[in-house]
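Let's take a walk through this one together. Have a look at the fold first, and then we'll go from the overall layout to a single pair of residues.

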Amino acid sequence: MTALRPEEGAPTRIAEAILLVVALALGMGGMWMVGHSLEGGLPEGFWTYTIVLAALAFTAHIVLRLRAPYADQVILPAVVLLNSVSMATVLRQDIVPYPSLQGANAPRHIMWSAIGIVLACIVIVVIRDHRSLRRLTYTAMVVGIVLVILPLIPGLGREINGAKIWIYIGPFSLQPAEFAKIAFAVFFAGYLVANRDTLALAGKKFLGLQLPRLRDLGPILIVWAVSLAVLIGEKDLGTSLLFFGLFVGMLYLATDRVGWIAIGLVMFAAGAVVAWSIFSHVQLRVNIWLDALNPDLINGPSFQLVQGLFAMAYGGMFGAGWGEGYPQYVPFAFSDFIYAAIGEELGLTGLLAILLVYLVIIQRGLRHAIGVRDGFGKLLAGGLAFVMALQLFVVVGGITRVIPLTGLTLPFMAQGGSSLLANWIVIALMLRISDAARRPSALPTRGALADPVPAVVGGGAIEVGGGTPVQAETEAGAGRSGTPDDATQIVRGVDR
Amino acid sequence: MSELTFTLLRLGYLVLLWVFVLSAVAVLRRDLAGPRTASTRRRRPEPAGPAPTPTPGGGAPRAPQRGGPSRLVVVAGPLTGTTIPLTSSGVLIGRAPSCTLVLDDDYSSSRHARIFPQGGQWFVEDLGSTNGTYIGEERVQGIVPLAPGVGVQIGQSVVELQG
């Protein structure tokens with residue numbers, strides 16, 4: 001039997017390379033137009049930023065080719081697109097001399113983006129198999145809880161704009177919650193894959209919902225308490241919603257019981273109502289949200305939100321064009337409100353394209369959760385994709401006044417080191433799992449029907465067909481895998 | 001830069017943004033449509049046609065000996081027809097997701113039974129299951145040799161070794 005090396009006949013990743021070129025061209029185009037519209041020439045640092053982004057994006061492409069050849073081809077270009085468009089936005093705000101935009105710092109943004117991409121490459125090289133993370137289940141829990149509690153330690157955490165989600169170590173500031181979400185996703189995946197049977201099967205039926213037993217509720221109560229502690233102690237609705245949502249979402253993924261979602265929603269609603277009636281800052285947040293244009297609020301607490309709405313309205317359908325908006329009137333237009341700043345200059349058309357790019361990334365994550373064979377990988381990929389979707393909803397919902405505004409950042413777009421690093425790690429894990437999901441395997445998928453003809457599965461039988469048919473099929477299957485769709489049947493195939 | 005050039009560039013930029021989105025979606029569509037047709041082709045070969053090609057990339061360890069059974073087939077139960085190639089590490093059967101053959105069956109235990117080779121012979125071992133593992137009418141106690149073609153009852157499923 002000729003030992004087939006998996007890398008032989010692996011996809012050439014041409015689609016990824018082409019999409020990367022388009023993504024980088026969009027970043028370059030943005031920076032070019034920013035410079036020509038504001039300074040009448042190339043902006044300072046144009047070539048540095050372009051070369052750094054392009055070099056690192058293609059380094060990541062080559063790392064994937066070597067170390068994860070079957071990994072998804074759309075995720076990397078999509079993320080590079082988001083990162084380079086945000087690069088152009090931050091650069092645009094950096095080169096105008098308004099005091100309100102002093103925080104915009106393009107060199108810092110490119111530095112964190114570069115570190116993020118390098119970190120993602122390191123994760124892909126070091127973690128050869130995502131299942132090795134399962135050993136870290138409880139370590140991840142401890143790490144996650146410590147990270148969440150860090151900002152509450154006096155002297156380390158600092159309250160900025162009403163939320164206490166930052167820690168300061170020397171000159172560096174860090175938002176530990178961004179990293180905690182990865183740790184929690186690993187913990188929940190490992191915990192749930194081991195315990196899902198008890199959670200799903202034991203318990204009474206009530207009103208058509210399968211309710212879990214009271215003693216199995218322990219972990220969910222702990223997470224609920226932690227997320228409430230975040231809400232109360234750190235005054236941050238977004239992070240609290242993120243963790244709790246992640247847990248409930250992953251419970252649902254693991255057990256397929258709608259009862260958990262009902263319980264989760266009721267618990268969160270109860271907690272939120274109690275917090276609202278006790279704490280004035282929560283009440284203020286809700287008032288800002290419901291009554292943003294109130295003359296009493298508009299020049300004070302709701303100023304930022306309303307300016308963001310005005311900016312997006314000014315952008316209209318097709319946007320004012322790069323460099324033609326007024327981001328100086330929106331506080332934090334480079335970080336928390338970058339969504340509004342992009343809406344102003346690229347319009348609804350641009351925003352929808354950006355949202356679709358996020359949707360593509362999230363869809364890929366959920367798709368590979370279906371495709372990958374091990375339960376841990378399924379839950380991890382599903383959880384990471386879900387937490388990104390939830391974060392996007394909380395941020396964009398806050399800026400567009402769908403839900404109360406929170407302090408979360410838009411992944412890959414907002415200027416800020418923690419957010420960039422953490423989300424690049426998430427992407428590296430997603431790529432690693434997608435490689436496992438799409439890698440052709442000799443093992444038939446569970447639940448798949450056997451061939452009616454006596455099989456040549458496994459064993460020494462492969463040489464019967466010679467190298468040729470195998471080769472041909474590999475080529476035909478380049479860029480896609482022969483297995484994920486069969487794997488869809490794992491989940492339910494048995495019931496039918 | 002004139003007003004007209006700027007407007008054209010501004011709209012051109014949005015067009016390029018959407019070109020990216022649509023080509024990404026096109027790659028996804030190929031990805032979604034591809035495997036399904038490929039696998040239907042593979043799974044339903046002509047009845048008299050040549051043996052289907054196995055999925056590429058087979059790095060699985062071989063069965064311990066040539067001429068011995070090469071696969072485990074589910075012959076009764078909800079998973080009827082499922083085939084698992086035999087490797088030297090044996091096959092773990094049960095409800096736990098870590099098993100080689102995962103049964104979604106309330107009558108099976110999470111780690112129900114193990115079928116493994118030793119010294120050129122295959123054995124079946126009951127791993128302390130609640131409802132037992134049966135060969136015919138006889139409940140498997142400890143480790144029992146298993147010949148090809150003999151059905152092993154696990155929960156609602158029957159599996160057997162085949163050459």
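This is a predicted model: local features need pLDDT of at least 70, side-chain atom pairs count only at pLDDT 80 or more; totals for chains, interfaces and linings use all residues.

Residues are numbered from 1 along each chain as its sequence is written, while chains are lettered from A and ligands numbered from 1 in the order in which they are written.

Chain B has one helix and eleven strands, taken as DSSP runs numbered from the N terminus (H or I, at least four residues, for helices; E, at least two, for strands).

What does UniProt place at residues 6-28 of chain B? Its unreviewed entry puts a "transmembrane region" there; positions follow the numbering used here, feature names are shortened, and annotations may be inferred rather than shown by experiment. In the model, that stretch of chain B is 100% helix and 0% strand, with its end C-alpha atoms 33 Å apart.

Now for the sheet. Five strands of chain B line up as β4-β3-β5-β6-β9 in an open, mixed sheet, where strands pair if DSSP finds at least two bridges between them. At the edges sit β4 (101-102) and β9 (143-145) of chain B, each pairing on one side only. For β9(B), the antiparallel pairing with β6 (residues 121-126) of chain B runs over three bridges. Zooming in, E125(B) has I143(B) in β9(B) as its bridge partner.
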